[in-house]
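Subject: Structure for your review

Dear colleague,

Please find below the structure that I am handing over to you.

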Amino acid sequence: MMTDEIILRVEDIHKRYGENEVLKGVSFDVQRGETKVFIGPSGTGKSTLLRCINQLTVPDSGYIWLNGEEVTHAGPRINQYRQKIGMVFQNFNLFDHLTALGNVEIALLRVKKMNRQEARKKALMELEQVGLSDKVNSYPAELSGGQAQRLSIARALAMDPEVILFDEPTSSLDPELTREVLEVMRRLARNGMTMLIVTHEMGFALSVANEILFMEHGLIVEKGPPSEIPTSQNFTRTRQFLGSFQD
Amino acid sequence: MSILSQAVIDSLPYLFPGIVTTLGLVLIALGIGLVMGIPMALIHVYGSRPLQYIIKTYVWIFRGLPILVLLFLFYFGIFPLLGLYISAFWIAAVVLGFRTAAYQSEIFRGAIISIHDGQMLAARSLGMSRSQAILHVILPQALRNALPGWTNEYPILLTDSSVCYAIGVAELLTRGNQIVARIHEPMTIFILIAAIFIILNYSGQWIFARIERRYRIPGYGEGDSR
């Protein structure tokens, strides 16, 4: 499903919090339909990097380009770009005062300005996509962690994004719930959704990623297709990080 | 005994307009407080520095002064100085309203800052502007969280409202006092006044409790088992 078309370009992103330089110049290109997985020790800037892409965190320097348009320094137009860059958070961040349907509908109504009928139809379709047709009228507090995360994926999908950023989507879930969320993500990858994923789920990363990027101390230190990890020189540090992975 | 109860029955028609005045004061003040308190809280949380300081100063003054001082200040000072000659009732309602606005803005501010950052992030990530996120995501949750604290302003205002006696507003206590001056049965009349305040207070609280239940979200917020 991958094409040569570059849809997202990340160029020399720097971000510093006081003394602590979290990102020290990160660059990469993303092709349409590609799945890139970021791995590495905690606190190396992976989540900050994702947030810099949709400008929830504003980088100190560097550029983000979406389909050739600059997302950094976009001013109020950022709200248009963010519609095309979906985001799924570690702790879901569902809107607790709205039902599952309301969570998916709200941006369709308020941002895309769809009418009620259209929005409802689209939202119901997205909920079905993630297997939540029977939870339409449930509130977030009434959902399991896995259902909550699938709902937040549906909420992101409803905006018809060009790329979705997943920030440790399964880190707060137990193995069983993790599996149902990964299942949905796997299907998205198969259907050609462009995805950038920060995760510690190595099995999933290796089976789904087109490219693994190993980050450490604010830099991408190693990258390449997952098939090369066991043998290639390019992945010496990654192998060390993964430890027992070789066997 | 029969004389006492006769005093009660005879007093009621005269006290009734006092009840209306007292409730009028309380409801107008609650309304002023609500209309001012929510924007004040929003400015306090999201506004620019200078605006934040204006709100802080307002709250500082209106929470710092006794009601009676505020009433006299506005009744004898500020309103006449501005050339505004309005009735004691409206001055009292406005002063009570300004005062509760200070308290209410703090209630709403607390409720707004208690909403997790992630709500704003998620709303913005979907392409909402900051004001859309505040209006459609933050406020609906904050207002629900604020409801228990907010409804608490009702008994406070109701009991405070009797101070308006001091500037001659014909509220419940003022009218009771006028009856006492005529029939010299202070005990009977003041017990009656106390009973009416208790009834107004707890029936109001009962209504607000129903409103709180009405707006509760399943599995979310206070008073729900989870």
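Helices, of at least four residues, and strands, of at least two, are DSSP runs numbered from the N terminus. Please keep in mind throughout that this is a predicted model.

I begin with chain B. An unreviewed UniProt entry places the feature "domain: ABC transmembrane type-1" at residues 19-201 of chain B. That span, residues 19-201 of chain B, is 83% helix and 0% strand, and its end C-alpha atoms lie 12 Å apart.

Chain A holds eight helices and ten strands. Along the principal axes, the C-alpha atoms of chain A fill a box of roughly 55 × 45 × 40 Å. A compact globule of 247 residues would have a radius of gyration near 18 Å, and chain A agrees with this because its own value is 18 Å. Of the 247 residues of chain A, 48% count as buried. As for contacts in chain A between residues at least 6 apart in sequence, 64% of them join residues at least 24 apart.

How many residues does the contact take from chain B and from chain A? There are 21 residues from chain B and 21 residues from chain A. On the side of chain B that touches chain A, the elements giving two or more residues are α5 (117-125) and α6 (130-151) of chain B. By class, that side of chain B has nine nonpolar, nine polar and three charged residues.

With kind regards

How values were computed:
Residues are numbered from 1 along each chain as its sequence is written. Chains are lettered from A and ligands numbered from 1 in the order in which they are written. This is a predicted model: local features need pLDDT of at least 70, side-chain atom pairs count only at pLDDT 80 or more; totals for chains, interfaces and linings use all residues. The radius of gyration is taken over C-alpha atoms; the globule rule is 2.2 Å times the number of residues to the power 0.38. A residue is buried if 20 or more other C-beta atoms lie within 10 Å of its own, exposed if 12 or fewer, and partly exposed in between; C-beta atoms are placed from the backbone. Two residues are in contact if their C-beta atoms, placed from the backbone, lie within 7 Å. UniProt positions are given in the numbering used here, feature names are shortened, and annotations may be inferred rather than shown by experiment. Ala, Val, Leu, Ile, Met, Phe, Trp, Tyr, Cys and Pro count as nonpolar, Asp, Glu, Lys and Arg as charged, and the others, Gly among them, as polar.
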